[in-house]
Amino acid sequence: MIVDRQGRRFRNLRISLTSACNYACTYCVPDGKRLVAARNELSAEAMIRGVEYLIEAAGIERLRITGGEPLVSPRFERFMSRVGRMGLADISLTTNAQLLSRKLPILLDAGIRRINVSLDTLDPSAFRAIARGGDLATVLEGMEQARAAGLQIKVNMVPLLDRNLDQVVPLLDYCLERGYELRFIELMRMGHLANDANGFHRQFVSLDRLLSLIGAHHEYQQADAPVDATAVRYRIPGKGYFGVIANESVPFCRTCSRLRLSSTGWLHGCLSSSNRHYVGDLLDKPRHQSLPALQRLLVKALDDKQAVAFSGGATVMKIIGG
Ligand code: SAM
């Protein structure tokens, strides 16, 4: 097992199935251009081997499938048909849910029990202004169908001062009523925001600000969370839970256990580092040839982790997934 000086190791793998996306969210894609697939994306087979090899080489226990938008990937069905049989303790998916109704049978066949849906507002015109793609009603319908099929749903919202602050409480109430757990994600200094302090502060909403907005409508208390959890979790008695992924306000680098594999075969040990390690070539090799080289790269990737706090990164979320 590869462990660093702070006692951290990789347990959670996030795999990006494609860099293509059917949205162009303002905080992720500043120029608003449609994201297309990279030319050299891995085959579904190489991605499957990537997960299998990393389970063995790094001790991965939990997998999150992301993107770009994973549901637009032509590899999605093939990848999902194998991923349920790898002995992972947990598999989940992060999606904007635009194609959820259509792809739901694939998720259910793969044995997926929980998903995260990114949704920043319930207001159709604000939705169009932020996501710059898709249709709000289709997303909400997809979530209803997933819920009816028994999937556990978390909703990810990035609160932005200038765009959706008025949606914090309505979206929370919507989620509480339906048994979805809302996760507020503090805006991260990624991609263009890493070098635009003014732009970042114009939009950033802190944990304290969120809690005071919520506290005006609901009584809440802090709830327990696993040691390597990224979210601070709260309980609203009798109604449900919400969480805040407070990258800035409560940094969680000290216990970070995440590893990321991009759709083009790069390993990223830390979102706040521009270091990355190419493993695409190793995924075409048999296990016994690939694992020793993979382990050497995993040592480097673990060494890329920040000690204490996220300090911004040129890496873009649209490529590597949330
Ligand atoms: N397309 C999928 C989706 O929409 O969930 C998966 C990829 S998307 C990049 C993953 C998550 O990252 C989304 O919840 C999105 O809101 C979040 N995200 C992207 N850029 C971000 C930023 N700068 N700060 C905080 N969250 C960000």
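These legends walk through close-up views of a predicted model. Local features need pLDDT of at least 70 and side-chain atom pairs count only at pLDDT 80 or more, while totals for chains, interfaces and linings use all residues. Residues are numbered from 1 along each chain as its sequence is written, and side-chain values use heavy atoms, with hydrogens and water left out.

View 1. Helices (H or I, at least four residues) and strands (E, at least two) are DSSP runs numbered from the N terminus, and two strands pair if DSSP finds at least two bridges between them.

**View 2. Strands 10 and 11 side by side.** Strand 10 (residues 258-261) pairs with strand 11 (residues 266-268) in the antiparallel sense over two bridges. Look for Leu 261, which stands opposite Leu 267 in strand 11.

View 3. A polar side-chain atom of Ser 118 lies 2.5 Å from an oxygen atom of the ligand. Ligand nitrogen atoms feature in two further views of the site: one is 3.0 Å from a side-chain N or O atom of Glu 69, and a backbone N or O atom of Met 188 lies 2.8 Å from a ligand nitrogen.

Conventions. Polar contact = N/O pair within 3.5 Å; in protein donor to acceptor, adjacent residues only side chain to side chain.
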